[in-house]
Amino acid sequence: MKWSQFFNTSIGKKLLVGATGLFLCSFVIVHLAGNFQLLYNDQGKAFNAYAAFMGHNSLIQFIAWGLKIVILLHAFIAIQLTFSNRAARPVKYAVSPGNQTSSWFSRQMAIMGSILFIFLIIHLANFWAKFHYGDMPTQTYAGFEEPLKDLYRVSQETFKQGWLVALYVIGMIGLSFHLIHGFKSACQTFGLNHKKYNGLINFIGVWLFGIAIPIGFAIIPVVIYFK
Amino acid sequence: MEHYNMNLTLKVWRQKNKNDQGRFETLQAKDISSEMSFLEMFDVVNEQLINDGKDPVAFDHDCREGICGSCSMHINGRAHGPWDGTTTCQLHMRAFNDGDTITVEPWRAGAFPVIKDLTVDRTAFDRIIEAGGYISVNTGNAQDANCLPVDKNDADLSFAAASCIGCGACVAACKNSSAMLFVSAKVSQLALLPQGHPEKQSRALNMVAQMDKEGFGSCTNTGACEAECPKEISLTNIARLNREFIGAGFSSEK
C-alpha cells in the first residue's frame, strides 16, 4: 500500500487526526504556561517580553505557521470523516441508546470541535491579528532599549468586556469536553491500549487535558475581569 | 425466578423489500410467558399473523443457542436488547414487564441493506473475510498439535477474539456504523498465532481496504460496540488492528 493510499483509508485519516490532535495537546500546555504571565503584577513586563520573543523568533514563527496548518488539517479531515460517518447510516434508528452504551463526550467531538474553531477565530482576531497587523500601544520597561508592544494592556482591556469573558469560558468548556475523549481516543487510534498504561492515559486525558488545562485558561480572563 | 405472563405492544419495522420505504407497524403480543426467548415471542406473534392471513414478520435466526450470529434485532435502541453479552435469541421475556411497548428495528447501516422487515444483508462481512481473514495452509495430514509453540496468554487472547460470531451488533451499535470491532477480532485471532504471521501485513491492509469499500464508517472510539457485543469482544482488539495496520503500512513492499 502506497502512502497516498494508506492516508486515504479510514484508519490512515484517523491517524492524521490523532497525530495533529496530540500535537495540539502539546501546544495548549506551552500556550497556557506563557499565558500565566498575564497574572503577574509587573505592568506586563514579563508577558510583553515573552510576546515579543514569540513574535520575532524565526523558529517560533515557523512552528506558529505550522500550527495553523495543523489546526486546519485536523479540522478538515475530521469534518470529512464526520460526514462520511453520518452517510454510513442513511436510515436512522427511531430509538437510540443515549448514554447507555457510550459516553456523552465521545459522541460530541464534532460539535465541541466546531465550538473550538469558532472560538479560535475570535481569539485570533482579538490578539494575534492585532499584535501582528493592528495598531498596538507600546510600553517601555527598564532593561529594554526598545519599547515593547503592550499586548498585556490589550488583554486587560479586552477582558473588561463581560460578554467576551463569557465567550472565552464557553470556548474552554468546549476544549474540556473535546479533550476528555480526544486524548485517550488518539492514543487508542495509535494502538496504545494496554492495562499497564490505560490508567495513566485516562488520568492525563481527563484530569490534565480535560479539566486542569481548560480551567487554567478560563481563569485568566475571569481574574482580569474581576481585578 | 417467578414465572409470569404478559401482554405487550410491539412497534415493529415492516419493509417489503430493499426498495420499499418501510414503516413501523404496531402489533399486539398476548399471553407471552416470561420463560420465552425474544424469538419465541416473535414465533407466537407470527403464528397469529399467519392465522389472520397476514404476512409474518421476517427475521434471521438459526441456532437459537447464542452462537451462530444470525439473529439481529435492535430492541428499544439496543443491539440484541437490554441484556449485556447476550444475543437476541438468548434474551428472555423476563427482561420485560406486562404492558411494555417494545420498539424493534433492523440493524441500520448503509452496508447492511434491509432485505425484508428485520432481516438485513450482512454479506459485506463475508467479503471482508474473503479479503484476508484466513491463513493459507497445505492440505494433507494435520500437523502435530504442539509442534508450533504458542504462548498461553496469546492463545487465550486469540480465542477470545475468535469468539466473534459476526452478528454485526458492533456495526448496529456504532453511531458511525463502523465495522472496526468485527475486523479487529478477525485480524487479532490470526495475528496472535504463529500460523497467522506469514500473511499478517496483507491481511491487515486488505481487510481494512475492503471494510472501507463496503461503506462502513470509521471508528471514533466511543466504545458502544464493546458495550453491545454479545461475545464481549474487547476494544484492545481495535488497538491491535491499528498497530497491525500501521506496521503493515510502514513496511509492506506492495
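1. How far apart do the C-alpha centres of domain 1 of chain B and domain 2 of chain B lie? They lie 29 Å apart. The assignment places domain 1 at residues 5-116 and domain 2 at residues 123-251 of chain B. Such bounds come from an automatic or database domain assignment.

2. A word on the source. This is a predicted model, in which local features need pLDDT of at least 70, side-chain atom pairs count only at pLDDT 80 or more, and totals for chains, interfaces and linings use all residues. Residues are numbered from 1 along each chain as its sequence is written, while chains are lettered from A and ligands numbered from 1 in the order in which they are written.

3. Chain B overall. Its secondary structure comprises eight helices and seven strands. These are DSSP runs numbered from the N terminus: helices are H or I with at least four residues, strands are E with at least two. The C-alpha trace of chain B spans about 60 × 40 × 40 Å along its principal axes. Of the 254 residues in chain B, 46% are buried. Buried means 20 or more other C-beta atoms within 10 Å of the residue's own; exposed means 12 or fewer; partly exposed lies in between, with C-beta atoms placed from the backbone.

4. Contacts in chain B. Two residues are in contact if their C-beta atoms, placed from the backbone, lie within 7 Å. Take the contacts between residues at least 6 apart in sequence: 71% join residues at least 24 apart. Across the domains, 18 residues of domain 1 of chain B touch 16 residues of domain 2 of chain B. The domain 1 side of that contact has seven nonpolar, nine polar and two charged residues. Here Ala, Val, Leu, Ile, Met, Phe, Trp, Tyr, Cys and Pro count as nonpolar, Asp, Glu, Lys and Arg as charged, and the others, Gly among them, as polar.

5. A helix pair. In chain B, the axes of helix 6 (residues 200-213) and helix 8 (residues 236-251) come within 9 Å and cross at roughly 110°. Helix 6 and helix 8 of chain B are therefore roughly perpendicular, a class that runs from 65 to 115 degrees. Axes are lines fitted to C-alpha atoms over the stretch in contact, with angles from 0 to 180 degrees between N-to-C directions. Helix 6 of chain B contributes B:Lys200, B:Gln201, B:Ala204, B:Leu205 and B:Val208, and helix 8 of chain B contributes B:Leu241, B:Glu244, B:Phe245 and B:Ala248. By class, that contact has six nonpolar, one polar and two charged residues.

6. Two backbone points to check. Most residues other than glycine have a negative phi. B:Arg64, not a glycine, has a positive phi of about 55°. B:Arg64 sits in the loop between helix 1 (38-51) and strand 3 (73-75) of chain B. It has 16 C-beta neighbours inside 10 Å, so B:Arg64 counts as partly exposed. B:Glu232 also has a positive phi, near 50°. Its loop runs between helix 7 (224-228) and helix 8 of chain B. With 13 C-beta neighbours inside 10 Å, B:Glu232 counts as partly exposed.

7. Where chain A meets chain B. The contact takes 34 residues from chain A and 42 residues from chain B. On the chain A side, helix 2 (10-35), helix 4 (58-87), helix 5 (104-107) and helix 8 (162-189) each give two or more residues. Helix 2 of chain A gives the most, with five residues. The chain A side divides into 15 nonpolar, 14 polar and five charged residues.

Conventions
Angles under 35 degrees count as roughly parallel, over 145 as roughly antiparallel, 65 to 115 as roughly perpendicular and the rest as oblique.
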